[in-house]
Structures are given as C-alpha cells and as structure tokens.
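Below is a brisk report on a single protein model. Keep the sequence and the 3D view open as you read.

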Amino acid sequence: MTLPPSRAATEADQLQKLRRLLGALIPDNAFYARRLRAAGLDGELPDLDTFRRRMPRTTKQELAEDQRLHPPYGSGLTFPLENYSRFHQTSGTSGQPMSWLDTPESWAWMVSTWRRVFEASGVTAQDRVLFPFSFGPFLGFWTAFDAAEDLGCLVLAGGGLSSSARLELIRHHRVTALCLTPTYALRLGEVAAESASSDEATGQETSSDALASVRTLVVAGEPGGSLQSTRAAIESRWPEAKVYDHHGMTEVGPVSYPNRQHPGVLHVLESAYFAEVLDPDSGQEVGLGEEGELTLTTLGRIGSPLLRYRTGDLVKRSASSAAELGSTDLALEGGILTRLDDMVVVRGVNLYPAAVEEVLRTDSRVAEFRVEHRIGASLGELQVVVEPTEQNSVDSTLASDLTRALKDRFQLRMDVQLTPPGSLPRFEMKARRWRSS
C-alpha cells in the first residue's frame with residue numbers, strides 16, 4: 001500500500017500552487033487584484049498562515065453583486081474573454097443563478113480532479129458508465145462525463161429518456177457504473193422493482209435483472225450518499241452495487257472523493273484546493289470533531305478562481321487519524337451535512353433536512369416523503385408527508401412509528417401524514433422535498 005503524503009508535503013505543494021495563482025491574479029484579475037492589494041498580499045506569499053490571516057473570505061453575495069455591476073460575467077476573469085471555451089451557471093437553488101466561464105486549461109484541471117473521484121470509487125477503463133439525466137447549464141456531471149471518457153471508459157448519455165428506457169439501456173449495454181443523485185438512484189431502483197413482475201409474466205428478462213451488472217453508483221447533488229440509512233436504501237434496490245458519495249459546486253468544481261474503507265467519510269482533494277473548516281460567524285478554524293463551514297480556494301482554476309470562498313456547506317471535521325483513514329486529505333465525517341441556509345428552527349430546535357431524511361430512510365416502508373415547514377406558526381411547525389411503498393400502503397402503524405422515531409431523535413413531535421403510493425413527485429436531479437409556508 002502506498003503511504004499517504006505527509007501534511008508538510010501537502011502544504012508545501014499548496015503553497016507553491018497558491019503563489020502561482022496569486023501571481024496570475026494580481027496583474028489581470030480585477031475582482032481579486034484589488035482585494036489582494038488591500039490585504040497586503042501583492043508580493044511573495046511567505047506561508048499559508050499569512051494567507052489565512054490576511055485574505056478576507058469571499059461570499060456568494062459578493063460574486064452575484066459583481067456580476068450585476070459587470071454583466072454578464074463579472075470582473076473575476078483572469079484572461080481576455082476569447083480565452084474561455086466553457087459556460088456554466090449555478091443551479092440557483094439558493095439565489096439568482098451566476099454565470100461561470102472556464103478556459104481549456106481550467107477545464108482540464110477539473111477533469112483531472114474528477115478522475116481522482118472515479119479512481120477512489122473503483123471505476124476503471126473497463127467500466128461502462130451511464131449518465132441517466134439531461135445535462136443542463138449548471139456544472140453537474142459535465143466534468144465527470146469528460147473524465148470518464150478520459151479514463152478510457154465506455155460512456156453513455158441517457159438524456160431525454162424515460163426511467164424504463166434508461167433501465168433498458170443498462171440491460172442492453174451491461175452498464176457497470178452510474179453517476180446520478182441519491183434520489184434518482186432510489187427512483188430507478190423503484191421503477192425496476194415495479195416492472196419486474198410484469199416482465200416475469202411475459203417471460204422477458206426483467207429490469208431488476210438489468211441492475212445486476214451495475215457495480216458502482218457515484219452519487220452527488222444531495223447529502224444522501226453519506227447518510228448510512230439512505231445509502232442502505234439505495235443499495236437494497238441495486239443488488240450488486242456500492243454507493244460512493246461525492247460533492248462539488250459550479251463555482252469551484254469537483255471537490256471531494258469517497259473513502260471506500262470508511263463509508264460516510266468524504267475527503268477534500270487538497271492537491272486541488274486549499275480547504276478550511278471555519279466557524280461561520282467568527283471565521284476561526286474549528287477543531288477536530290467539530291462542525292463548521294467549508295471554505296475553499298481553487299488552486300488550479302486560474303481562469304475563474306475563488307479565494308477563501310464560503311461554500312455555505314456545513315461539514316464536520318473527522319476526529320479519526322490519517323493512519324486510520326489512509327489519507328492525510330481533510331476528512332469530512334458524514335460528507336456534506338447540509339446547507340447552512342437550509343437549517344430551520346422549530347420550537348427552539350435546530351433541524352437540518354439531512355438529519356430528518358436519515359430517520360425516515362431507516363424505515364424500509366418509506367418510498368418517498370415531503371416536509372412542510374409552517375413558518376407562520378409562532379414557534380414553527382413541521383408536517384411530514386410520507387408515501388409508503390406499495391406493499392405497505394395499508395400499514396396502520398407506519399405513521400405512529402415514524403412519529404415516535406422522529407421524537408426520539410429530535411425530542412420534537414412532528415405531524416406525520418400518509419399519502420397514497422405514487423402521489424409524491426419524483427426527481428432526476430436535486431430533490432426539493434422541503435416546502436415553507
């Protein structure tokens with residue numbers, strides 16, 4: 001086994017890359033040049049600590065305002081516009097979508113980071129990888145598609161197809177790996193199960209048999225891939241597959257890779273990012289085992305960089321040692337816990353959507369759910385609408401069991417209501433299960 005590089009070597013590599021990045025930004029990147037000069041960072045950077053102390057954090061609001069003042073791409077581009085070849089925009093789930101451009105060099109850097117994600121997930125050139133969704137303008141799995149091709153995989157695009165047609169694609173081509181959201185992994189497994197009995201009646205190879213070729217599910221876009229209960233629910237529907245989590249953002253690129261020996265742990269690619277976990281209010285670094293906001297500096301996306309970017313992602317620094325985990329890269333216990341702006345307060349209790357999902361997914365009778373947050377109530381109220389699986393549609397104990405489980409976990413009573421099978425929406429990309437009224 002190859003030993004992981006020492007922290008000293010990692011930080012020396014980060015310092016070298018950060019010096020190169022700042023050297024490119026100061027003369028040509030208007031957005032960051034003025035910030036670097038104001039922070040006294042327009043000379044040779046002596047060490048990483050100086051960068052931590054002097055460089056202010058960058059917020060999404062500042063970037064959005066910069067693009068409003070300098071439309072359409074803002075003043076954060078390092079090179080002339082003709083140097084850029086790729087356009088993407090943020091999904092807009094937490095505000096107005098932002099435009100993002102990349103040069104061929106920056107794009108190649110992101111593709112190389114996604115190759116690391118595939119390699120950590122056990123994907124090789126022998127795999128046949130399906131992307132079962134329609135690509136949109138946000139970064140999504142665009143870089144993953146190019147990385148799979150670069151790795152030598154047979155790559156299949158599944159856009160514009162129904163779930164049944166995608167299952168047939170998996171069966172016909174003996175697909176071995178998929179990139180998708182946790183929600184859609186559950187949905188495809190659900191569709192396979194629904195069609196299995198009718199296929200068997202006609203003597204055809206069943207859709208559930210088609211799933212047998214799949215060994216790897218790389219999931220992203222939602223916290224579910226690092227939740228034990230959600231991961232188990234997905235794997236129960238894919239008989240031969242293992243789930244591997246990943247996360248990234250349009251603004252920064254592919255960020256983390258899974259630890260195959262320690263499911264539920266994500267590592268930040270510290271060869272590509274200078275990463276910090278900071279208290280959201282004070283900006284001070286949190287200790288091992290503590291929660292904070294993931295803050296990232298892109299070390300190789302020179303054409304459209306971000307310095308100390310506040311991602312808005314709440315994470316927990318793992319207290320496990322590098323020897324235990326097999327990597328010195330920053331380890332996040334439970335992956336991305338939630339978005340900071342997703343937290344709701346109900347009768348004085350802080351709740352995160354992922355924590356509620358973890359409780360609900362533990363019960364195999366739950367097919368889908370939706371949470372109604374009534375913010376008009378004096379102390380806030382939650383109603384959980386649960387769709388049972390078809391075989392549990394008349395189970396009279398499900399609502400009371402879930403009410404008890406939620407109360408035991410959060411010391412908070414929630415109103416659990418059942419709805420008929422098939423009545424809640426299904427999602428291909430990021431699910432929107434929480435509603436406020």
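## Around Leu186

Beyond its neighbours within four places in sequence, Leu186 is in contact with Ala233, Ile234, Arg237 and Arg361. Contact here means heavy atoms within 4.5 Å. Leu186 sits in helix α8, residues 182–201. Helices (H or I, at least four residues) and strands (E, at least two) are DSSP runs, numbered from the N terminus. Leu186 is buried, at a relative accessible area of 4%. Buried means under 20% relative accessible area, exposed over 50%, and partly exposed in between (1.4 Å probe, protein chains only).

## Basis of the model

This is a predicted model: local features need pLDDT of at least 70, side-chain atom pairs count only at pLDDT 80 or more, and totals for chains, interfaces and linings use all residues. Residues are numbered from 1 along each chain as its sequence is written, and side-chain values use heavy atoms, with hydrogens and water left out.

## Overall build

The protein chain has 13 helices and 22 strands. Its radius of gyration is 23 Å, close to the 22 Å that the globule rule gives for 437 residues, so the chain is as compact as a globular protein of that length. The radius is taken over C-alpha atoms, and the rule is 2.2 Å times the number of residues to the power 0.38. Along its principal axes, the C-alpha trace spans about 70 × 55 × 45 Å.

Buried residues make up 53% of the 437 in the chain. Take the contacts between residues at least 6 apart in sequence: 67% of them join residues at least 24 apart. The chain exposes about 18800 Å², and carbon and sulfur atoms supply 49% of that. Accessible areas come from the Shrake-Rupley method with a 1.4 Å probe; for residues, only the protein chains shown count as cover.

## Aromatic pairs

How many aromatic pairs does a search of the whole structure find? It finds 13. Rings of Phe, Tyr and Trp (its six-membered ring) pair if their centres lie within 6.5 Å; planes under 30 degrees apart count as stacked, over 60 as edge-to-face, and the rest as tilted. Trp114 and Phe118 form a tilted pair, 4.8 Å centre to centre with 45 degrees between the planes. Both lie in helix α5 (residues 104–120), four residues apart, or about one turn of the helix.

Phe131 and Phe135 form another tilted pair, at 6.2 Å and 40 degrees. Phe135, at 26%, counts as partly exposed. Ring pairs link Trp114, Phe118, Phe131, Phe133, Phe135, Phe141, Trp142 and Phe145 into a cluster.

## Arginines over rings

Two arginines deserve a look. Arg86 lies over the face of Trp107, 3.9 Å from the ring centre. Arg116 lies over the face of Tyr257, at 5.5 Å. A charge sits over a ring if NZ of Lys or CZ of Arg is within 6 Å of the ring centre and within 35 degrees of the ring normal.

## Cysteines

The structure holds zero disulfides. A disulfide is a pair of cysteine sulfur atoms within 2.5 Å. For Cys153, the nearest cysteine sulfur is that of Cys179, 9.1 Å away. Cys153 is buried, with a relative accessible area of 8%. Cys179 is buried too, at 1%.

## Backbone exceptions

Most residues other than glycine have a negative phi, and most peptide bonds are trans. The bond from Pro71 to Pro72 is cis, with omega near -5 degrees. Pro72 lies in the loop between α4 (60–69) and β1 (86–89).

Arg174 has a positive phi of about 50 degrees although it is not a glycine. Its place is the loop between α7 (163–173) and β5 (177–180). Arg174 is partly exposed, at 38% relative accessibility. Arg308 also has a positive phi, near 50 degrees. Arg308 lies in the loop between β13 (291–298) and β14 (309–316). At 6% relative accessibility, Arg308 counts as buried.
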